[in-house]
Amino acid sequence: MCDDNTTTTAGVRANMEAAVADLTWVKVPVTLDAGWASSELLSQFKTHLAHYARPHWGNDSTRLGLKVFADGMTNVIIGVFNQDSSEDGTVILRIYGKSTERFIDRNRELSCMQLMHRAEYTPPLYCQFANGVCYGFVPGRCISAQEMGEPRMMRRIAVCLAQVHSVHVSASAVSSKGAVVWDMCDWIHRVPSSFGDAEKDARFKELFGSLDALKAEGERLREGLSSLHSPMVFSHNDTQARNLVYCSHKDKISVIDFEYAGMNYAAFDLGNFFCEFSGVEELDFSRYPDEGVQKSFITMYLQECARLGGDDPASVSDEQVNTWYRDAVKCALASHLVWTYWGLLQAAYSALKYDFLRYSYIRFMEYQQWKEEVYSI
């Protein structure tokens, strides 16, 4: 998606410290049900939410339409649009997935959305409702996993991530006590001892053995990342294809979905991005980029960081690239483990029809395959 009434430029560097005190948003006490008929959803939107997003849509004469997006693995995403005027722009309703508050800090998410909008990188947040959020649409299309490795697209993604990482915020602004990766590591402590389903419990035991073994790997990861050189920056932390939107008329990539955003090692966004070459629902790690591709992307990223900082992009050295490469490899390992934990939480609580246990197992096998080599770096 591009922008809804934003004027983002590549050189924007926003210092948001002074704006932290007024990071507030409207909260509307209404609950939406994704299972409702379109007419009921539109009626509830007009009655309770339109005032904050498109006040003139509340008129009975406005013909609104709905589009359900199929891109979410956690939430239900619905677009509301004026059938008589494309000028108005689409409004997004994101209805939170079941029990996602167990592992997503919604206050931090909305704070991040506000900060990114003020930095002119994202559309506005209109309001929060009891079980979701209403915000602006970014016109464009989500890229595919196959496109992530195309040189032209990689350059645009590198520029986008450098811009996100250039947004200056305080840790307190996004409720961060440390790197978000450690919050993600704590997800394993929220996985229940039983899935409430005998078949799932048996599969978990067969695939993973025990929760204690998985918790031990989280502690090992903390030690393994202790030698990172990567700076702590404002990070997206979920750089997968469905969160990368290409806007053709601006020829740029934007990131969407800030559920896991916050202060983190910059290299985590890079390492996680490389892991996401494998795809979203059907994982294929044969597509994981080789060292040359990774270093090419890191070079483009560092050159954009240098440009945003007023330095000569040509000043990026091979030594810098190699250091960032080592950090990205370690963070790719972290990505495998934390999304293993995420999948187990989804297997326990999600109402979506997807085999999250299988997803977790594939990610954990990648972690197991590479951990000894990576921890020795």
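The structure is a predicted model, in which local features need pLDDT of at least 70 and side-chain atom pairs count only at pLDDT 80 or more, whereas totals for chains, interfaces and linings use all residues. Residues are numbered from 1 along each chain as its sequence is written, and side-chain values use heavy atoms, with hydrogens and water left out.

The secondary structure of the protein chain consists of 10 helices and 11 strands, where helices (H or I, at least four residues) and strands (E, at least two) are DSSP runs numbered from the N terminus. Its radius of gyration, taken over C-alpha atoms, is 21 Å, close to the 21 Å that the globule rule (2.2 Å times the number of residues to the power 0.38) gives for 377 residues, so the chain is as compact as a globular protein of that length. The C-alpha trace spans about 65 × 60 × 40 Å along its principal axes. Of the 377 residues, 57% count as buried, a term that means under 20% relative accessible area, with exposed meaning over 50% and partly exposed in between (1.4 Å probe, protein chains only). Among contacts (heavy atoms within 4.5 Å) with a separation of 6 or more, 74% come from residues 24 or more positions apart.

Within this chain, helix α5 (residues 198-208) packs with helix α10 (residues 356-375) at an angle of about 5°, their axes being 11 Å apart; the axes are lines fitted to C-alpha atoms, for helices over the stretch in contact, and angles run from 0 to 180 degrees between N-to-C directions. The two helices, α5 and α10, are therefore roughly parallel to each other, the term for angles under 35 degrees. On the α5 side K200, R203, F204, L207 and F208 take part, and they meet L357, R358, S360, Y361 and F364 in α10. By class, this contact of α5 with α10 has six nonpolar, one polar and three charged residues, with Ala, Val, Leu, Ile, Met, Phe, Trp, Tyr, Cys and Pro counted as nonpolar, Asp, Glu, Lys and Arg as charged, and the others, Gly among them, as polar.

Most residues other than glycine have a negative phi. S99, although not a glycine, has a positive phi of about 60°; S99 lies in the loop between β4 (91-95) and α2 (106-118), and at 14% relative accessibility S99 counts as buried. D257, also not a glycine, has a positive phi of about 70° and lies in the loop between β10 (252-255) and β11 (262-265), where D257 is partly exposed, with a relative accessible area of 22%.

Technical notes
Parallel < 35°, antiparallel > 145°, perpendicular 65-115°, else oblique.
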